[in-house]
Amino acid sequence: MLAGVFRTQKKNGTPCYRSSITYRSKHISLGSFTNELQAHYAYLEADRLLKNSHITIANAVFTNFLLSHEKVVSLLNFRDNRIYIKNPIYMFRSYFHYYLTADEIYKFDIDDLFYFSGHKLLRRGGHLYVNDYGMQVTVLSRYGIRNFAVAGRDYVFANQDPYDLRYENIININPFHGVQRRSQNGTVSYDTHIHINGDCRVGNYKTLYEAAIAYNKAADFAKQHGISKNFPANFITELSKKDYEKVYADVEISEKYKKYLKKAACCT
């Protein structure tokens, strides 16, 4: 067999060839290939990447490699940073890049390295997520951003770069359920809506906390009128229990919403 290659077979008995390389006492699998020569070329590519310092993460043209872009990134990171990570991560001093594709590169804080080393970054329907304990968890939820939040309305990127997912770059404008920030003539206020058979307007409020608590109060009113929907609660950890109760007692709910609840109760 050629260097770096061993022959094996698939479950159906079809022969295939696996390629691997050992570097710094680490045995690294390079993948499975249809013929011996292809597997050998993959081995030679890996050997060149690990020994040729002129090939850098910045100038690597991934389309020129037989190896996948994920494997190229892993090998270059291992060569330069002495840490082998299966996921396509390249480390810098205070952050790292995650190469979702050769052209789609996300930047994360180095504090998140352990998490993303063990959780593969995926994309579906425009959302980034990872599989965590059998559940699909959106990446933005790590920043307190709700699943259906809208960029530019509920959260913004400080440097306008949506690929920069460092904590300092993400500003969570509306962290609460049912709340939307409104800016009119330089004045900021917060609209609260609650979804029953459609969006019902609860009111407009001067502060984010008032709007969030108004949502909780509107949900309590709905339950009192026999609407057994599972409304998510807004948790405001910044307020003491006493301060929360005061805001809850004082915050006004629109009369139109109250009338809607009475009508809905009569129809049930």
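Trainee: Let's begin with the sheet. In which order do the strands lie in the open sheet?
Mentor: Strands are DSSP runs of E, at least two residues long, and helices are runs of H or I, at least four, both numbered from the N terminus. Two strands pair if DSSP finds at least two bridges between them. Here 3 strands form an open sheet in the order E12-E13-E14, with antiparallel pairing. Strands E12 (179-184) and E14 (199-205) stand at the edges with a single partner strand each, so one side of each has no neighbour in the sheet.
Mentor: A word on the source. This is a predicted model, where local features need pLDDT of at least 70 and side-chain atom pairs pLDDT 80 or more, while totals for chains, interfaces and linings use all residues. Residues are numbered from 1 along each chain as its sequence is written, and side-chain values use heavy atoms, leaving out hydrogens and water.

Trainee: Over how many bridges do E13 and E14 pair?
Mentor: E13 (residues 187-195) and E14 pair over 6 bridges, in the antiparallel sense.

Trainee: Which helix lies across E12, E13 and E14?
Mentor: Helix H4 (residues 208-224) does, running at about 15° to E13. Axes are lines fitted to C-alpha atoms, for helices over the stretch in contact (heavy atoms within 4.5 Å). Angles run from 0 to 180 degrees between N-to-C directions.

Trainee: At roughly what angle do the axes of H1 and H2 cross?
Mentor: The axes of H1 (residues 36-51) and H2 (residues 69-81) cross at roughly 35° and come within 9 Å. Ala46, Leu49 and Leu50 in H1 meet Val72, Leu75, Leu76 and Arg79 in H2.

Trainee: Now the pockets. How is empty space found?
Mentor: Rolling a probe the size of a water molecule over the atoms shows where empty space is left. A pocket is an open set of points on a 1 Å grid over the protein atoms alone, where a 1.4 Å probe fits, with protein on both sides within 12 Å along at least five of seven lines. Lining residues have an atom within 4 Å of a point.

Trainee: Which residues lie nearest the centre of the largest pocket?
Mentor: Arg146, His177, Gly178, His195 and Tyr215 do, among 16 lining residues. E13 gives the largest share of that lining, 3 residues.

Trainee: And how many residues line the second largest pocket?
Mentor: It has 18 lining residues, and Gly126, His127, Leu128, Leu140 and Tyr155 are the closest to its centre. Strands E8 (127-132) and E10 (155-157) each supply at least two residues of that lining.
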